[in-house]
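Visitor: I would like to learn how to read a protein structure step by step. Could you take me through this one?

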Amino acid sequence: MHLDGAVSRAELAERMGLNRSTIGALTAELTAAGLVREEPPADTGRAGRPSLVVRPESTRMYALAFDVAVDRLVAARVALGGTILERHEAVRRRAGADLDHVVEVLARFGRRLYRSAPPDAVCVGIGASYCGMIRPGDGMVRFGPDMGWVDQAFGAELSRRLGLGMPVPVGNEAHLGALAEQQRGAGVGFQNLIYLHGDVGVGGGIIVGGKLLDGDSGYGCELGHMVVNPYDGRPCGCGSRGCLEAEVGERALLDSAGRPAEAFGRDAVRAVVDDADRGDPKAQEALRRIGDWLGIGVANLINLFNPGMVIFGGMLRDVYPGAAAHVRARISANVLPVARERVRLRTSGLGDDATLVGAAELAFSRLLADPLGTVAAAAPDRYRQVVRS
């Protein structure tokens with residue numbers, strides 16, 4: 001219901017392999033806890049008693065989601081069911097390690113969102129997305145090369161400053177973006193996909209068999225640091241040379257297009273794309289070069305993982321349409337025929353909200369794993385009503 005919206009009792013019974021009386025008992029518990037509501041369906045025109053429709057209680061149950069990108073800070077109140085109810089956004093300056101500033105802004109936004117919720121609404125979780133390598137379990141940013149974050153206790157500090165008595169789990173932005181696209185975006189229905197997220201650099205998330213590939217310590221899928229040009233490659237923020245993100249990231253595009261060093265950010269990237277559309281040869285050559293390196297990276301990933309879909313998000317969502325022919329040329333030349341015959345290339349279905357939506361799904365994960373236990377912790381009075389009933 002959280003992902004698909006209203007579902008009839010009959011369909012729930014069929015999907016879960018349970019009988020209708022069991023489904024009725026389960027939905028009664030969830031209704032008493034305030035998590036779902038049941039209502040008659042619209043007129044179906046069929047004989048017999050229609051099956052009740054169950055839908056998430058999106059007016060009462062919500063999560064707080066935070067997204068930290070290189071150039072922006074976003075906070076949102078997101079309803080059970082995935083609808084963004086309210087959001088606040090601020091510019092983030094490229095000023096180096098800025099933990100205190102980031103936490104101050106997001107905590108202020110979070111408290112404002114919490115206060116603006118209806119009196120009977122319940123916050124069931126908090127989640128955050130960050131553009132760096134995150135240690136699982138405690139929200140520690142181990143390494144964020146674009147802004148100089150090393151071993152920054154982001155999750156713990158944000159939880160403390162929010163003052164809501166709830167932990168703040170943190171995920172890598174591209175990992176969360178991959179999950180969001182697979183659950184709600186361009187990748188719905190695909191069990192094997194790759195999500196490439198462009199910001200200043202390039203992050204990645206890989207879904208294999210419906211599950212995120214996260215690595216032994218949670219730092220897997222750093223696709224932007226796959227070396228594609230080891231001999232004369234551009235220097236990368238990680239200390240290496242010729243990484244995928246060094247060859248296709250923001251600075252590579254702007255330098256190739258002859259833009260000055262003071263030009264940066266999404267507006268500068270979009271200006272190059274617009275100029276290429278208008279026939280500017282330098283901008284067109286920049287997109288050709290970026291598309292060629294991006295195609296080499298994507299070709300390697302397709303050969304390795306045989307995904308059903310590759311999704312381009314963040315800055316790459318702007319760049320890909322103008323570079324698509326070059327990406328496809330590399331795939332045609334360098335990917336095994338049986339691996340390329342079915343793969344689809346798409347831009348993000350969730351747009352710039354992919355990582356925010358992923359943070360919201362992280363926030364809802366405890367509720368989905370243990371609905372009544374999470375309500376008991378977040379709203380003990382409501383849970384006591386469930387027990388009594």
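Guide: Let us begin with the word "contact", which here means that heavy atoms lie within 4.5 Å. Keep in mind throughout that this is a predicted model.

Visitor: Which residues does Gly144 touch, leaving aside residues up to four places away in sequence?

Guide: With those sequence neighbours set aside, Gly144 touches Cys131, Gly132 and Trp149. Gly144 itself belongs to strand 9, which covers residues 140-144.

Visitor: Is Gly144 buried or exposed?

Guide: The general idea is that a residue counts as buried when its relative accessible area is under 20%. Gly144 has a value of 3%, and therefore it is buried. As for distance, Gly144 and Gly177 are 33 residues apart along the chain, and their C-alpha atoms are separated by 17 Å.

Visitor: How far apart in space are Ser348 and Gly185, C-alpha to C-alpha?

Guide: Separation along the sequence and separation in space are to be read as two values. Ser348 and Gly185 are 163 residues apart in sequence, while from C-alpha to C-alpha they are 6.9 Å apart in space. Ser348 sits in the loop between strand 16 and helix 12, and with a relative accessible area of 5% it is buried. Not counting residues up to four places away in sequence, Ser348 touches Glu181, Ile311, Phe312, Gly313, Arg317 and Ala354.

Visitor: And how far apart in space are Val122 and Val335?

Guide: Here the C-alpha to C-alpha distance is 50 Å, for two residues that are 213 residues apart in sequence. Val122 lies in strand 7, residues 122-130, and it is buried, with a relative accessible area of 7%.

Visitor: Now for the helices: how do helix 9 and helix 10 pack?

Guide: For a pair of helices, one reads the angle and the distance between their axes. Helix 9 (residues 281-305) and helix 10 (residues 315-334) pack at an angle of about 60 degrees, and their axes are 7 Å apart. Because of that angle, helix 9 is oblique to helix 10. The crossing of helix 9 and helix 10 is right-handed. On the side of helix 9, the residues that meet helix 10 include Leu287, Ile290, Leu294 and Val298, and on the side of helix 10 the partners include Leu316, Val319, Ala323 and Val327. Sorted by class, this contact of helix 9 with helix 10 has 12 nonpolar, six polar and three charged residues.

Visitor: What is the angle between helix 1 and helix 2?

Guide: Helix 1 (residues 9-16) packs against helix 2 (residues 20-32) at about 110 degrees, with their axes 9 Å apart. Angles of 65 to 115 degrees count as roughly perpendicular, so helix 1 is roughly perpendicular to helix 2. Helix 1 passes helix 2 in a right-handed crossing. Arg9, Ala10, Leu12, Ala13 and Met16 of helix 1 make the contact with Arg20, Ile23, Gly24 and Thr27 of helix 2. By class, the residues of this contact divide into five nonpolar, two polar and two charged.

Visitor: Which residues make the contact between helix 12 and helix 13?

Guide: Let us take the geometry before the residues. Helix 12 (residues 354-369) and helix 13 (residues 371-378) pack at an angle of about 115 degrees, with their axes 5 Å apart, and that makes helix 12 roughly perpendicular to helix 13. Helix 12 brings Arg366, Leu367, Leu368 and Ala369 to the contact, and helix 13 brings Pro371, Thr374 and Val375. The contact of helix 12 with helix 13 has five nonpolar residues, one polar and one charged.

Visitor: What is the phi of Asp151, and where does Asp151 lie?

Guide: Asp151 has a positive phi of about 50 degrees although it is not a glycine. Asp151 is placed in strand 10, residues 149-152, and is partly exposed, with a relative accessible area of 40%. Asn306, also a residue other than glycine, has a positive phi near 50 degrees. Asn306 lies in the loop between helix 9 and strand 15, and at 48% relative accessibility it counts as partly exposed.

Technical notes: Residues are numbered from 1 along each chain as its sequence is written. This is a predicted model: local features need pLDDT of at least 70, side-chain atom pairs count only at pLDDT 80 or more; totals for chains, interfaces and linings use all residues. Side-chain values use heavy atoms; hydrogens and water are left out. Axes are lines fitted to C-alpha atoms, for helices over the stretch in contact, and angles run from 0 to 180 degrees between N-to-C directions. Helices (H or I, at least four residues) and strands (E, at least two) are DSSP runs, numbered from the N terminus. Angles under 35 degrees count as roughly parallel, over 145 as roughly antiparallel, 65 to 115 as roughly perpendicular and the rest as oblique. A crossing is left-handed if the near helix is turned anticlockwise from the far one by less than a right angle, and right-handed if clockwise. Ala, Val, Leu, Ile, Met, Phe, Trp, Tyr, Cys and Pro count as nonpolar, Asp, Glu, Lys and Arg as charged, and the others, Gly among them, as polar. Buried means under 20% relative accessible area, exposed over 50%, partly exposed in between (1.4 Å probe, protein chains only).
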